[in-house]
Amino acid sequence: MSQIAFWGAVELGLVYAFVAVGVFLAFRVLDFPDLTVDGSFPLGAAVTAVLIIAGVNPWLAAAVAMVAGAAAGIVTALLNVRFRILNLLASILTMIALFSVNLRVMGKPNVALINADTMLSPFYGLGLRDFYVRPLFVGILVLVAVLIVWRFLESDAGLAMRATGANARMARAQGVDTSRQIYLGMAISNALVAFGGALFAQTNGFADVTSGVGTIVVGLAAVIIGETLFGARGILIALAGCVLGSILYRIAIQLALSTDMLGLQASDLNFVTAALVTVALILPRLRRGGAA
Amino acid sequence: MISVKNIKVLFGKGTPLQKQALNGVSLTIEQGSFVTVIGSNGAGKSTLLGVLAGDVLPSEGEVTIGHTDVTRKGTAARAGLVARVFQDPLTGSCGTLSIEENLALAARRGESRGLTPALGAKRREHFRERIAELNLGLESRLGDRMDLLSGGQRQAVSLVMATLAGSEVLLLDEHTAALDPGMAEFVMNLTQKIVTERKLTTMMVTHSMRQALDYGHRTIMLHGGEIVLDVAGDSRKTLQVEDLIAMFRRIRGQTLDDDALLIG
């Protein structure tokens, strides 16, 4: 694997770390299996790309993308909380609908951002090579996001959200409005995922309506790899596990695809992904079984 | 103070399984009074507790806790008035959160929850003191996950949780039923101590007639969704478990199949 390919994998892993943290909030904190992310990731990319081309400041464009993602999460929460649709199904409905929404937002299946100003533009040409600038820039944003989510989850408000996912009946008895927690959690989760999409569009120079396919699997892969490596030892470690899991996942994929010996090609990506997640899921069981 | 007026609860309305769980129950419990509630399965004990807690909204009647009409308020909305310990130790606390996180959750019951760190040094110290009073050695394990504790330990912690924030009423839902006899006695003594010290208005639902007569100031028996016995004061002092069983038999018009369960 060349250095450029390696740092490219790290960069992609950091972009998807936002997805991983979002998926962690939905699946682990709220216990809400949310597939909306397959739609909110390209939604973030689409909104950002269209706004940047229209001349909007790229930071503002990314902020709008987050609001759009939050709205998508709220729709899923509404279907589940207000209309009692099974959480998984509610999220699939939103995801399917978002495919059309994303096409409408962009007006075509993909939008190129070649030569457009992005959040990264000011940092190119400061002496550092481009393939270092991108992971460094995204990495700093990931660090900020992780610190904010960590502080939140360890606050009174965050504790209410964790209780909602862990034991809703107890949470209500303690005065926690569990419906509101689901709205809030789904909004934050999908806002993070959409921000990941916004960064994806800006680091790769395009937004594509199909780029969301499998986002949930990638996010879950990162969460599970993180858990396998670090175990359950507090919120900060779990969040760090999500980020590292996301990076390691991308490096593993890159390794698998670039090793000539294995004879894999780019189109085998989805199979390799499924195989990796399966291994990450089985590994802890084997370890436990061996100890017993 | 608790006041319920002419409460009716109908489950499964319009279905073959329709059941009048409470049929016009009226009851006033004065400030600081400790009331025990007994009755056979399906008598309406749990439903009455649910009506007070907010889990069950009555089809008719009025519920007042303190000076607030809570008839139409859900569980979360009235949580500031109601502290509660559940029958199942797993229900009353979050197994995946640590002991101190559970305490922090309970300390803000019924209050707004902001971005203040849930476990500041001051709060931790306060939690440590309150848990140390239990003499279970848990004060050194505050960071442990709740699901590492035994059922009895969890109920003891739940009792502390119930008193961390102020409340108008304490509801105990057969909270010793899932424990071994030794731990049940420990939790009952702890309950007595906490209720007396804090002068809490308390309602305890129990399966044990012994408990119902030994604790509290007043005993109520429910049957078929109605109050069939309400004793307090001197007449309660002379009442024996055997008298209650006889009353049970008369009401049901049949012999009980399992006396042991009731005497327990």
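Visitor: At what angle do the axes of helix H6 (residues 156–166) of chain A and helix H8 (residues 178–204) of chain A cross?

Guide: In this predicted model, the axes of H6(A) and H8(A) cross at roughly 105° and come within 9 Å, and the two helices are therefore roughly perpendicular to each other, since angles of 65 to 115 degrees are counted in that way. On the side of H6(A), the residues that take part in the contact are Ala160(A), Met161(A) and Thr164(A), and they meet Thr178(A), Gln181(A), Ile182(A), Leu184(A) and Gly185(A) of H8(A). Sorted by class, this contact comprises 4 nonpolar and 4 polar residues, with no charged residues.

For a setting built on strands, one can turn to chain B, where strand E7 (residues 169–173) has 5 of its 5 residues buried, so that E7(B) is largely enclosed by the rest of the structure. In a regular strand, side chains alternate between the two faces of the sheet. Both faces of E7(B) are covered, with Val169(B), Leu171(B) and Asp173(B) buried on one side and Leu170(B) and Leu172(B) buried on the other. Strand E6 (residues 82–85) of chain B runs parallel to E7(B) and is joined to it by 4 bridges, with Val82(B) standing opposite Val169(B). E7(B) is also joined by 4 bridges to strand E8 (residues 202–205) of chain B, again in a parallel arrangement, and here Leu172(B) stands opposite Met204(B). Together with helix H5 (residues 181–198) of chain B, E7(B) and E8(B) make a right-handed β-α-β unit.

Conventions. Residues numbered from 1 in each chain as written. Chains lettered and ligands numbered in written order. Predicted model: local features only at pLDDT ≥ 70, side-chain atom pairs only at ≥ 80, totals over all residues. Buried ≥ 20, exposed ≤ 12 C-beta atoms within 10 Å, placed from the backbone. Pairing = 2+ DSSP bridges. Right-handed = clockwise from strand over helix to strand, strands pointing away. Axes fitted to C-alpha atoms, helices over the stretch in contact; angles between N-to-C directions. Parallel < 35°, antiparallel > 145°, perpendicular 65-115°, else oblique. Contact = placed C-beta atoms within 7 Å. Nonpolar A, V, L, I, M, F, W, Y, C, P; charged D, E, K, R; others polar.
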